[in-house]
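Let's take a friendly walk through this model, starting with a sheet and ending with some aromatic rings.

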Amino acid sequence: MSQRADLHDLHEELVRLRHDLHREPEIGLDLPRTQEKVLGFLDGLPLEIGTGRALSSVTAVLRGALPGPTVLLRGDMDALPVTERTGLPYGSAVEGAMHACGHDLHTAMLAGAAHLLSARRDRLAGSVVFMFQPGEEGDGGARIMLDEGVLELSGELPVAAYGMHVISAEIPHGLFVSRPGTAMAAADKLKVTVRGRGGHSSAPHRAKDPIPAACEMVTALQTMVTRGFDVFDPVVVTVGSFHAGTADNVIPDEARFEVTLRSFSAEAHARVREAAPALVRGIAAAHGLEVDADYVVNYPVTVNDPAEARHAEATVRELLGEHRHLPMPRPLAGSEDFSFVGQRVPSAFVFLGACPRDADPGRMPYNHSPEAVYDDGVLADGAAVYAELAERRLSAAVSA
């Protein structure tokens, strides 16, 4: 029997787990209720269970009956600070929090894979590490779990790691997509405070107005992208926050803005990290102003190892059918802290279309929307693919 067939009886339990998680979303690194639900679902399985020190993570090691290497499977658990507007009967009961990015599905699918692989322990050639991670949405929970030793739990580094992410729009229901090489962008933040000297709007020559200089910085950052970086190795700059002043006739002392910078290669990532702060400092100096330019490196580029990407594609096609996998024509501009895992272990990150089965994916609300809806119907296939990725990779490593 295939992993998918074995999961048939478990499907309803996965739906219940997913709905329980969805009703009580938790944000950030501290997810005590989520952790409790995961631990309860794994209870009774032949797993070595652990929990995090600096965050509410759950780790589990399944040691197969046969000798072999280790594979890691990861699912993130945290929600977003979004007020839900889906109208679902199992909608969020927590004001201002929602599983708008589908991490409740990731958690349920990974828990399902733990059940599947535990039932196959007698023929499993090696170990599987299950990584249930808080704090993906900007808190870098994966990096913290790496620091706490998730890669060493089995006694040896994994030979491969796999992650999965559901998408609520654009990708048709049940379709898996992936690609070798860059899968998602790096994402950093630049926080800028331009410091001048306030005064009366009628006499700007007696003040040092920070607003025109800050505006010049915003437009210069856009020009930097179009004139300083290869169009085929792009950088995306978005100023999402700009604040200055209190009244129309008062020149303020300072202007502040925040920028997201996304890049698709390690080279562009390194260059923009140097170029953006240097640009705003130069403009400030030209205007005789002071500036604080704080560049925060968040998540690096998510890069799929070519061999592991091919393994993921072959697994989906052989398990579910040729039509269920589609190569990604280009990377996504979103970012992922699974990228930290990929820097240490050959990895593949796969996307799964989870919009309602009969919906037009081109019209559905996208991830992070308060109206984003994810279909429970993908849970079984997602769990089966997780499990099959691990079992086949271990078998291939042993037979190599």
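In strand β4, Phe130 is the bridge partner of Ala60. That contact belongs to the antiparallel pairing of β2 (residues 58-63) with β4 (residues 125-133), which runs over 6 bridges; strands pair here if DSSP finds at least two bridges between them. Strands (E, at least two residues) and helices (H or I, at least four) are DSSP runs, numbered from the N terminus.

Before going further, please note that this is a predicted model, in which local features need pLDDT of at least 70 and side-chain atom pairs count only at pLDDT 80 or more, while totals for chains, interfaces and linings use all residues. Residues are numbered from 1 along each chain as its sequence is written, and side-chain values use heavy atoms, with hydrogens and water left out.

**The sheet and its helices**

Both strands sit in an open sheet of 8 strands with mixed pairing, ordered β1-β2-β4-β3-β5-β16-β6-β15. At the edges stand β1 (48-51) and β15 (325-327), each with a single partner strand, so one side of each has no neighbour in the sheet. From one strand to the next, the twist averages 20°.

Helix α3 (residues 32-42) lies across β1, β2 and β4, at about 20° to β2. Helix α10 (residues 379-399) lies across β3 (66-76), β4, β5 (160-167), β6 (176-178) and β16 (347-353), at about 150° to β3. Contact means heavy atoms within 4.5 Å; axes are lines fitted to C-alpha atoms, for helices over the stretch in contact, and angles run from 0 to 180 degrees between N-to-C directions.

**Aromatic rings**

The whole structure holds 4 aromatic pairs, where ring centres of Phe, Tyr or Trp (its six-membered ring) lie within 6.5 Å, and planes under 30 degrees apart count as stacked, over 60 as edge-to-face and the rest as tilted.

Phe242 in strand β10 (residues 235-244) and Phe257 in strand β12 (residues 254-263) are 15 residues apart. Tyr299 lies in strand β13 (residues 290-299) and Phe340 in helix α9 (residues 338-342), so this pair ties together parts 41 residues apart in sequence.

Finally, Phe338, Phe349 and Phe351 form one aromatic cluster.
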